[in-house]
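My notes follow in the order in which I went through them.

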Amino acid sequence: KWSVVLASTLLGAIVVAIVFGVANAIHLPYYEFHPGSARPVASLVAVEGAESFPVERPIAYTTVSLRQSTIASWLAARFDDDVEVRHEDDVLGDRSPTENRELNLQMMDTSKQDAVRSALVALGYDVPISIDGEIVVEVMDDSAAEGVLAPGDVVTAIDGEVLVDPAMVQEAMAGRVPGEVISLSVERADDGVERDVEIALSAAEDDPGRGIIGVFLQPRDYTSDFPFAVTIDSGNVGGPSAGLAFTLGVLDVLTPGDLTGGHDVAVTGTIDANGNVGLVGGVPQKTAAVVSAGYDVFLVPSDEVDQAMDRAGDGVQVIGVDTLDDALAALASLGGSGLPASTE
């Protein structure tokens with residue numbers, strides 16, 4: 001009798017182990033966005049050829065942990081409000097996981113250059129930059145570009161203006177309306193031949209009166225002529241969303257005083273070469289990481305304040321910003337030291 005009970009128990013345990021193993025081994029076509037971490041920036045910044053200063057309360061950048069779902073993790077995510085699940089098509093598009101990873105690392109490299117440039121310009125330095133066109137990273141569904149442009153194509157000019165500066169696309173598209181026809185010079189990914197194409201602009205989803213091409217772009221051969229060497233060791237973290245945090249972190253290292261006014265400040269938001277702050281993904285997950293790490297202030301893009309506040313509760317002060325100047329003003333209002341008039 002006892003041998004039968006023991007055998008049944010062992011068999012049940014084996015079955016449970018097999019089911020558990022299968023549930024954790026089989027991957028599903030979904031990705032999970034988990035809370036990541038809040039990581040101090042100052043220790044990642046290295047300066048050569050200029051004076052730097054110790055930072056007592058370093059600004060932190062925030063991350064999201066991205067994982068492909070298994071049966072077990074997908075089921076667990078159903079009961080975790082801090083985890084967002086998306087279909088792989090919404091995450092990868094037409095890219096493979098490897099290509100997606102490489103793209104995110106490229107965006108991180110560009111983001112770091114933009115961050116350093118924005119910091120140095122804020123300190124009064126002249127920092128020339130140049131690009132050799134804009135690479136098409138992704139084409140939006142049902143947009144003007146669908147069927148006309150493809151990932152890997154390079155837009156080298158808009159209406160005859162050769163793209164040699166990252167700000168030129170934004171300047172060229174300012175004031176455009178849906179239906180307006182523009183001319184693009186495009187170096188094709190498949191054969192490298194440059195052709196001119198015309199596109200009737202589609203309407204932006206968030207602003208029906210604004211005309212867009214419908215692509216995500218990444219500068220090609222981005223170079224910055226820095227007056228001295230500033231590097232940021234981002235490790236294996238990808239994507240552009242740490243740009244604002246990196247800019248503030250570099251400023252903190254390059255200036256005396258306490259930029260944060262004694263507060264524990266975390267930051268998210270992209271930044272371009274002109275100091276404009278852009279939207280990011282995973283704000284609820286980043287906010288959860290900020291709360292868990294004990295930060296008391298969180299700077300986020302203005303349009304994503306509500307997402308952050310919904311998760312932050314009363315323990316974290318969420319401040320929306322649209323530019324580097326906004327972020328510096330917010331820190332100054334908290335008692336931060338601010339920036340000197342010029343370092344030159």
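I began with Asp142, which I found in the loop between β6 (134-139) and β7 (154-158); strands here are DSSP runs of E of at least two residues, helices are runs of H or I of at least four, and both are numbered from the N terminus. This is a predicted model, in which local features need pLDDT of at least 70 and side-chain atom pairs count only at pLDDT 80 or more, while totals for chains, interfaces and linings use all residues. Residues are numbered from 1 along each chain as its sequence is written, and side-chain values use heavy atoms, with hydrogens and water left out.

I noted that the phi of Asp142 is near 60°, a positive value in a residue other than glycine. Asp142 has a relative accessible area of 70% and therefore counts as exposed (buried means under 20%, exposed over 50% and partly exposed in between, with a 1.4 Å probe and protein chains only).

I then went to Asp159, in the loop between β7 and β8 (161-162), where phi is again positive, at about 50°, although Asp159 is not a glycine. With a relative accessible area of 38%, Asp159 is partly exposed.

Next I looked up Asn236, which sits in the loop between β15 (229-232) and α6 and is exposed because its relative accessibility is 56%. From Asn236 to Pro54 I have 182 residues in sequence and 25 Å in space, C-alpha to C-alpha.

I turned to the helix pairs. The axes of α4 (residues 97-122) and α6 (residues 243-254) come within 8 Å and cross at roughly 45°, so α4 is oblique to α6. Axes are lines fitted to C-alpha atoms, for helices over the stretch in contact, and angles run from 0 to 180 degrees between N-to-C directions; under 35 degrees counts as roughly parallel, over 145 as roughly antiparallel, 65 to 115 as roughly perpendicular and the rest as oblique. I recorded the crossing of α4 and α6 as right-handed, meaning that the near helix is turned clockwise from the far one by less than a right angle.

For α7 (residues 283-293) and α8 (residues 305-312), the axes come within 8 Å and cross at roughly 40°, which means that α7 is oblique to α8. I noted a right-handed crossing for α7 and α8 as well.

Last, I looked up Ile71, which is found in helix α2 (residues 71-77) and is partly exposed because its relative accessibility is 31%.
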